[in-house]
Amino acid sequence: MSKASTKFARHILVVEDEHLLRDLLARTLEAMGFVVSTAANAADAKRAVKASDPDAMLVDIELGPGPTGLDLAEVIARQRPDIGVVFLTNLPDPRFMGKDAKAVLKNQAYIRKSAVNSGSELIDAIEAVLKDGVTKEYRHDLASNRPLAQLSKRQLDTLKLVAEGKTNQQIANLRGTSVRAVEAMISRIFQALGLDLGSSNPRVEAVALYHKLKAN
Amino acid sequence: MRLNRFNPLSLLASPHALSWQNHVVFFGLAILALGFFDIDRLGGNFASWFVVFLVGFITTVSMIELFKRLTKKKTNPTLRVSWLLAGLVIAGIVRGLVVFETGFLLGLIPETELLYRLMSAPLFVLSAYFLSNALVASFLSFREQANNLSSELERLNLSRNSYQSDLQLVNQQQRNRVQELLSAPMWELQKKLETATNPDGVRDALLTMQSINNEVIRPLSHELSASVGEQKPLVSTSSNLPQWRPALPKRVNLSQTQPAWLFFGVLLVLSLNSQISLSSVNQGLQTVTLGALPVALFFLIERWLFRNVELTIPAAVTFSTLFGVVGSAIGGTLVQSLGLSITDLFWWQAISLVVMLKTTTLVYGILLVGWQKTLQRLALVNSQQKLVNSRLRQQLWLGQKALAMELHGSVQATLQALAIRLSRMQETNLQEIQTILAAVRQSLSRIENQEYLAGQPFNSLLLELRDLWEGTAEISWQIEDAAKQELEKDLGLARCTFEVIRESVTNAVKHGSASAISIEIQRSENMLKLKISNNGSVAENQQYSMGSELMEQLCLSVALVGKQGEVVLLAELALNPEFAV
C-alpha cells in the first residue's frame, strides 16, 4: 500500500479502521512529502512495521473489535522504541478507555480529532514526535481544558458509576469503601466540576455533564 | 474449628450464640425440672420453690451474660466456643450454689444436697443451653442468611431493572431517534449530491453535509447521551421476589432428621446427672444403662424401618413419639422391676424425658431440612439473577460500545472525511460523488449494526492478538467445541470474551512481564469459562488485573490465582441469550 517512492522521504504508517479517514489522512501526508503506508487494524500495522520500517505511526485508539491502538503502541514501545507514535483519536484521554494517563508515553503525541483544524497541525505533531520534541501542545490528553481534566482517575471512575445510575451504597460496595467516603468523594467531584452543591440535583447535572463531555 | 452454619457446636461461636431467646427456653426447662424433680422429691410449697427458682434463674442468666461479654471480642471460634462452654459450667456451679443456699435458708433443701446441687446444676445448664442454642442460633443464623440473600436478590433485581432500562435506551430509543432524525437530512443531501453537476452544487452539498454534522449529529449525540444518565426511579419488584420464610418440607425421612448424637448426648448427660447425684455412681450407671438400652434399640429399629420412607410431618412426629414411648417404657419397667429407681415417678419421668428430647431433636432436624431447602432455593434464584444481570451488563457494554463506535466514531468520521473530500473537489466528479454517496449509505446502515465482530470470526481476532504480541509474548489457545459453537452463535458474547482476553493479555505483558500466555475456553451449563495462564509476576498481575472495570462489567466472576511460576486468571461469562433484551 505504499503510495510513494521518494527515496529519502520519511515514512509514516497510518493505522485507522475507518477507510475514508485513513485514505484522507494518507493523501494529506503524501501531499506533504511523506511516504505513507496504511493499516486497518493493529495486527496489520505490526506486519506493516516489519515490512516497511516506518519512522512514525499515526494511530487511532479505537480500531474496531480487535486489539486497540493503545495495545499496538505498547507493543511498538517494547519492540521498536525508535518508531514515533502519534495518537489521533476522538477520546479526550486514555481514561475513557479504562487506562491511566501513563498509557501514553512521554515521547508520544496525543491529538484529539475534533481539535485538528488543518493538515499542518497534524504534520507538526508528527514532526515533534520524529524530532523527539513532544511538548504539551501535542499532548491533548494532558491539556487542562480537556473534558473532566480536573478529576483524578479514581474520581472519574466514581463519576462513571454515578452516571451508570449506581447508588452510593452500590458504589461503596464496588469500591470496597464506606458510603460516607463515597459521599465525600462525590462532593469533591461536584466541586471540581463547578456544580452548585445547593442546587436541586447536582447529581443529575454531573451525570449530564459526564455524558455530554464524553460524547464530545 | 471449621464453622458450619448449622452445627450445634459451631453455633456457639456464631454471633447469635446464647441469645436472649435461650433464656426463655431455659426458663421453661427449669420450671419443668422444678415440677418433676424437686417438689416431688423434697416437698414444700410451690411459692417458696418459685422464689428459689427465680433466684437460680437470675443467677444463671447473669453469669451467662457476663461470659458473653467477656468472650465478645474473641475472634478465634475455637477459643470462643471453649470459653462459652466453660462459662456455662461455671454459671451452672454458681447456680447450684445459689439455689442450694436459698433453698437451705427457706428450709426446702437439706444440707446433704450440696454435692448434688454442685454436680447436677452445671450439667443441667450445659445441656439445656446447648440444646436450646442449637435450635435458636441455627434459626437466627438461617434468618440472617435468608435476609442477606433476600436483600441481595432485591439489589440484583433493582440492578436488572436499571440495566434493562439503560439497554432499552441505548439499543432502541437512541437508534430509532438517530435514524429518524438523520434520514430526512440525509435524503436531502443525497438529492443534492445526485443533482450536483457543477462546483456550486458540490459546494451546496458540502454545506448541507457540514450542517448535518454540526447541527444534527453532534447535538443529537449530546442529547441522547445525556438521556442515558437521567436518574430513573427504579421500581422495586419485591412483591415478585420469592419469600425467604422457611417452607417446611412436606415429607421427611426419620432416619435423616433425628441426629442421634444430639439426642443421646443430651439424654445421657441429663439422666446420668440426675441418677448418679440421687444415688451413687454405680447405681446411677446401672439405671441409665438399663433404661437407655431399649431406647437405643428402638431408635435403631425406627431408623432401619424408615430408612427409605418419606413420612408427612404429623406421621413422623407420631412414629418418633411412639418408638420413644415404647423404648423408654420398656427401659423404665426394667429399671423399676430391678429396684434401681429412686423415685416412684421414674417410669413417667423416663417416658417424658425421652419423648421431649426425641420431639425436640426431630423438630430441630425438620427445621434444618426446611431451612436448607429455603436457602438453596434462594441461592439458586440469586445465581440465576446474577447470570441475568451479568448478561445484561455485557449487552449494555456492547450497546454503548456499538453506539460510541458508530455514532460518535464512524458516522462522524465518515462525514468529516467526506466534507474534506468534497471541499477538495475542484470540479464535479460524478464517479467520486457516487463513491461518497455509497459511503454515506454504508455509514448510516452501521447505526443498526449488531455485527459485534465486524464480520470477522472469533478465531481471527485471536490471531490478530497473537500476531500483535509476537516477539514479546507467545499466545496459544484451546477452545472446546461446545464453547466454539457458542462463540459462533452469539457474536456479542464473542466480542465480550475477546475483550476479556485482550485486557488480560495486555495486563499480563505490561504489568506482569509475561512471555507466555495460554488461553483455555470451555462451556459449562450457563457460562463460558476462561482460564488465562501466564508466566509473569504474580504481584504485578494482581495489582493491575483485578481492579479492571471492564472485567467486572463483562464477567460473572473474575479471580486471579498465583501458583508457582504461573498466574492464572479465571473468568466466567454468562450465556443464556434469551435473557438479553
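The following paragraphs describe a cavity between two chains and then one residue of chain B in a predicted model. Residues are numbered from 1 along each chain as its sequence is written, and chains are lettered from A in the order in which they are written. Local features need pLDDT of at least 70, side-chain atom pairs count only at pLDDT 80 or more, totals for chains, interfaces and linings use all residues, and side-chain values use heavy atoms, without hydrogens and water.

The structure contains nine cavities of 30 Å³ or more. A cavity is a set of points, on a 1 Å grid over the protein atoms alone, where a 1.4 Å probe fits but cannot get out; lining residues have an atom within 4 Å of a point. Points are joined across faces, edges and corners, and the volume is the space filled by probe spheres set on them. The second largest cavity has a volume of about 80 Å³. Its lining includes A:Leu70, A:Asp71, A:Lys99, B:Thr506 and B:Lys510. Helix H3 (69–79) of chain A and helix H14 (491–510) of chain B each supply at least two lining residues, helices being DSSP runs (H or I, at least four residues) numbered from the N terminus. H3(A) gives the most, with four residues.

Elsewhere in the description, B:Arg466 belongs to helix H12 (residues 458–469) of chain B. B:Arg466 counts as partly exposed because its relative accessibility is 35%, between the limits for buried (under 20%) and exposed (over 50%), with a 1.4 Å probe and protein chains only. Beyond its neighbours within four places in sequence, B:Arg466 is in contact (heavy atoms within 4.5 Å) with B:Ile475 and B:Trp477. B:Arg466 and B:Ile517 are 51 residues apart in sequence and 9.8 Å apart in space, C-alpha to C-alpha.

How values were computed
On a 1 Å grid over the protein atoms alone, a cavity is a set of points where a 1.4 Å probe fits but cannot get out, and a pocket is an open set with protein on both sides within 12 Å along at least five of seven lines; lining residues have an atom within 4 Å of a point.
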